[in-house]
Amino acid sequence: MSSSSSQHRTRLLGALALLAVLVVSGCSTDSPPQHSERLQKAAGLKTFHVETTKTLWEKTSDQTNRDGPDLELKPTTKELDNGLIQIELTGVDLANYLRVLDYMAHGGTDSHSLGTHHSAESIRMYDEIAGVLDGINTRPDPKDPPPHVVVDTAYLEAKNRK
């Protein structure tokens, strides 16, 4: 085999390897660096409460007609007097919900969009829950009320008045 043919083959293999890396990285998510730690914290909780609008919950938890992690969520929901709903998730359900949110917020692709997801609703929900999880430094006492987050439009309205 000639030196020229060998160099050509080496360049071709190098180009193919680079292309493979680009394709694989283009299909991956850009999860926040703390994502794994947040999943571990979530999974270690007994329960976690999310108070939000029914529409936002449905938008961020619905898994029909999309690709990505197909993770079963078994929340308990309760309507509140203030027009919000309270979703009670086990620690494992919270970890699964974070996986779904991460996929929808940080770069999953599906056959409908043929592109990268960056759902504003999922970003908002992920960031709000992440803030609570990031603030947990020790395991909550079983007698303490569950950690919770309130995600509604009042936050945005108050921010806009400033």
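Biologist: In what order do the 4 strands of the open sheet stand, and what is the sense of their pairing?

Modeller: Strands of a sheet pair through backbone hydrogen bonds, in either a parallel or an antiparallel sense. In this predicted model, the order is E2-E3-E1-E4, and the pairing is mixed. Strand E2 (76–79) and strand E4 (148–151) stand at the edges; each has a single partner strand, so one side of each lacks a neighbour in the sheet. Direction ignored, neighbouring strands of this sheet are turned by 20 degrees against each other on average.

Biologist: In which sense do E1 and E4 pair, and over how many bridges?

Modeller: Strand E1 (residues 47–52) and E4 pair in the parallel sense, over 4 bridges. For Thr52, the bridge partner in E4 is Val151.

Biologist: Which strands does helix H3 touch where it packs on the sheet?

Modeller: Helix H3 (residues 54–61) touches E1, strand E3 (85–90) and E4. The direction of H3 makes about 35 degrees with that of E3. H5 also packs on the sheet, where H5 touches E1 and E4; the direction of H5 makes about 150 degrees with that of E4.

Biologist: Which residues of H5 are buried?

Modeller: The buried residues of H5 are Ser122, Arg124, Met125, Tyr126, Ile129, Ala130 and Leu133. Tyr126 is also one of the residues that His35 touches.

Biologist: Is His35 itself buried or exposed?

Modeller: Buried means under 20% relative accessible area. His35 has a relative accessible area of 9%, and is therefore buried. His35 lies in helix H2 (residues 35–43). Not counting residues up to four places away in sequence, His35 touches Leu98, Asp102 and Tyr126.

Biologist: How many residues lie between E2 and E3 in their hairpin?

Modeller: There are 5 residues between E2 and E3, and Gly83 in the turn has a positive phi of about 90 degrees. The two strands pair in the antiparallel sense over 4 bridges, with Thr76 opposite Glu88 in E3.

Biologist: What is the mean pLDDT of the protein chain?

Modeller: The mean pLDDT is 78, and 66% of the residues reach 70 or more. Over residues 18–28 the pLDDT is below 50. Beyond near neighbours in sequence, that stretch has 1 contact in the model.

Definitions and conventions: Residues are numbered from 1 along each chain as its sequence is written. This is a predicted model: local features need pLDDT of at least 70, side-chain atom pairs count only at pLDDT 80 or more; totals for chains, interfaces and linings use all residues. Side-chain values use heavy atoms; hydrogens and water are left out. Buried means under 20% relative accessible area, exposed over 50%, partly exposed in between (1.4 Å probe, protein chains only). Contact means heavy atoms within 4.5 Å. Two strands pair if DSSP finds at least two bridges between them. Axes are lines fitted to C-alpha atoms, for helices over the stretch in contact, and angles run from 0 to 180 degrees between N-to-C directions. pLDDT is the predictor's confidence in each residue, from 0 to 100.
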